Amino acid sequence: MKRHKETQSRYRVTGCCCAALMFFQDLSGAHSSVEPATPQAGRIANLWWVMFYVSVAVLALVTAALIYAVFRRRSAREQTAPVDLSPNTNRERKATRAAAVALAVTIAILFVLLGLSFTTGRAVSFLSNESPLEIKAVGHRWWWEFQYVDPVPSRGFITANELRLPQGRQIVLTLTSNDVIHSFWAPNLMGKKDLIPGQESRLIFRPEKQGVFRGQCAEFCGFQHAQMGFLVLVESDGDFSDWYNHESQQAVQPSNDSEKRGRQVFLSSTCVMCHTIGGTPANSNIGPPLTHLASRTSIAAATLTNSRENLAKWVTDSQKIKPGNRMPPNVLGPENLDDLLNYLTSLK
Amino acid sequence: MREGILLFPRPARRSPPALRLRVVGMGALALLIFQAACKREERGFRVQPPSASAAEGSRMTDFQPGPRTPESPVKNEYEDNAYALSEGKRLFQEYNCSGCHFNGGGGIGPALMDDEWLYGDKPENIFETIVEGRPNGMPSFRGKVPDYQVWQLVAYVRSLSGQVGSNAAPGRSDHMQTSSPEQSRPRESPKLSGKPR
């Protein structure tokens, strides 16, 4: 218990430090609204900088006024002298004028910022509509489902927690949720938008910078809300279509005996109740699809890197890593686990 | 001496000891009451569920040679746990129980919200029914569903006919529901028909 408390307070301290550092770290991060990768995020970043500098100027002025007032205190003689409370029209008028000017300036600044915010909002929500790539994002507790809609239905596919996008092409992201309200927020790409069960909303943007960016659920959705992340990989057109063609294939066949046994373990245990592996009888859509699991860089909604070791930890006791998540702990013998991991890591 | 304006004027005199005692007593009582309010249902994510062996050896019928030996009832703790019951409700949809039992109303499979139980109404009977499967359509989920989830399903299945406490049973659905919520179902008194349809 004591240990637990110590850990908790350590977390709290770390948390505070992180919060303090975040502002500075974020400036050069893959999860940052001031390093835009789309024209829309660029508009948002500009608005942020305008608001930032205006706020800094206001803060500096107010602080200066405060410091002036502190240092221009009454002298010792003034303090002991009897207070004169008789009306002084001249002084009153001066004070009123000063307050009115300050109020007018405040209102003017707020209206200018309101106007800027409005024009940014308009610029962000309109984009010319030329051959967009349509993707449907579905929020789950606690992972992201991305459905690539293809004109040829058999070529469409579903992937999880990793959104790959071609550079320079317009993206139409249709957002909805399977359970509770989530929010799609990849600050380098666009402002956030809620995923609402039973309703579809759209997010349109055009990534113009290659790179890996991080996104995060931005609407509290339960135990693992904080760990509900995703990655956005913006690639060149060629790389993207290679990946796209590969993703629309079925899963690779097991190449050796161990992988074959691993597939058997997968199909005859609890895995098959929730996951899909294309080309096998496993065809459930409750958990993330695993057809091309090994080609993803992270597992558990961008919480762990996709390594054999992490996969083993996740399969056997995911509740230790993300308490309350939907994956049950699985008791598998050492050989079975080994075979299963061989099979899963072969799913390129 | 000139009287200055005090921001926090001092009280004229202290309150009498009896009054102070009463205030302290009331405070202590309030604290005690708040303490009682701290008791909260636990959401155990790594707790041991009632073990599968609890269901083993349950009888399918009361009919037996010689005198009837009483059975020790199996207690399913999940029946008093709102989180476990709501998980059961979610799994009932996700594992496609609803595909045949239609939200408990019955269709392809028998109804679960009435008083009729073909294979027993006790938690251990329902556990066995899910794990073993039953003739004429009920599939066996052995090895496919972890024990604790089966117990969550068992608790939920019993809530469909009002067998569990209304303070723990689900009060609403995520989706449209035409029947009354599990929480306010009348408690059916189970009868065994013993005649599989």
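Let me start with four residues: Arg326(A), Glu87(B), Arg90(B) and Glu94(B) are linked in a network of salt bridges. A salt bridge here is a side-chain nitrogen of Lys or Arg within 4 Å of a carboxyl oxygen of Asp or Glu. Side chains of opposite charge can pair when their charged atoms come close.

Some ground rules. This is a predicted model, where local features need pLDDT of at least 70 and side-chain atom pairs count only at pLDDT 80 or more, while totals for chains, interfaces and linings use all residues. Residues are numbered from 1 along each chain as its sequence is written, chains are lettered from A and ligands numbered from 1 in the order in which they are written, and side-chain values use heavy atoms, with hydrogens and water left out.

Glu87(B) pairs with Arg326(A), with the closest N and O atoms 3.1 Å apart. How many salt bridges does the rule find across the interface of chain A and chain B? It finds 1. Within chain B, Glu87(B) also forms a salt bridge with Arg90(B), at 2.8 Å between the closest N and O atoms. These two residues sit in helix H2 of chain B, residues 82-94. They are 3 residues apart, about one turn of the helix. Helices are DSSP runs of H or I, at least four residues long, strands are E runs of at least two, and both are numbered from the N terminus. Are Arg90(B) and Glu87(B) buried or exposed? Both are buried. Buried means under 20% relative accessible area, exposed means over 50%, and partly exposed is in between, using a 1.4 Å probe and protein chains only.

Now the interface as a whole. Chain A brings 17 residues to the contact and chain B brings 15; contact means heavy atoms within 4.5 Å. The two chains bury about 1500 Å² between them, 59% of it on carbon and sulfur atoms. That buried area is the accessible area (1.4 Å probe) that two parts lose on being put together, summed over both. The rule also finds 2 residue pairs in polar contact across the interface, both at pLDDT 80 or more. A polar contact is a pair of N or O atoms within 3.5 Å; within protein, one must be able to donate a hydrogen and the other to accept it, and residues adjacent in sequence count only if both atoms are side-chain atoms.

On the chain A side, helix H6 (257-268) and helix H7 (308-321) each supply at least two of the residues that touch chain B. H7(A) gives the most, with 3 residues.

Next, pairs inside chain A. The structure holds 16 salt bridges over all chains. One of them joins Asp179(A) and Arg141(A), 3.8 Å from N to O. Asp179(A) lies in the loop between strands S5 (171-177) and S6 (182-185) of chain A, and Arg141(A) in the loop between S1 (133-140) and S2 (143-148), so the pair ties together parts 38 residues apart in sequence. Asp179(A) counts as buried, at 17% relative accessibility. Arg141(A) is partly exposed, at 22%.

Asp150(A) and Arg155(A) form another salt bridge, with the closest N and O atoms 3.8 Å apart. Asp150(A) is buried, at 15%, whereas Arg155(A) is partly exposed, at 32%.

Last, chain A overall. There are 8 helices and 12 strands. Of its 348 residues, 39% are buried.
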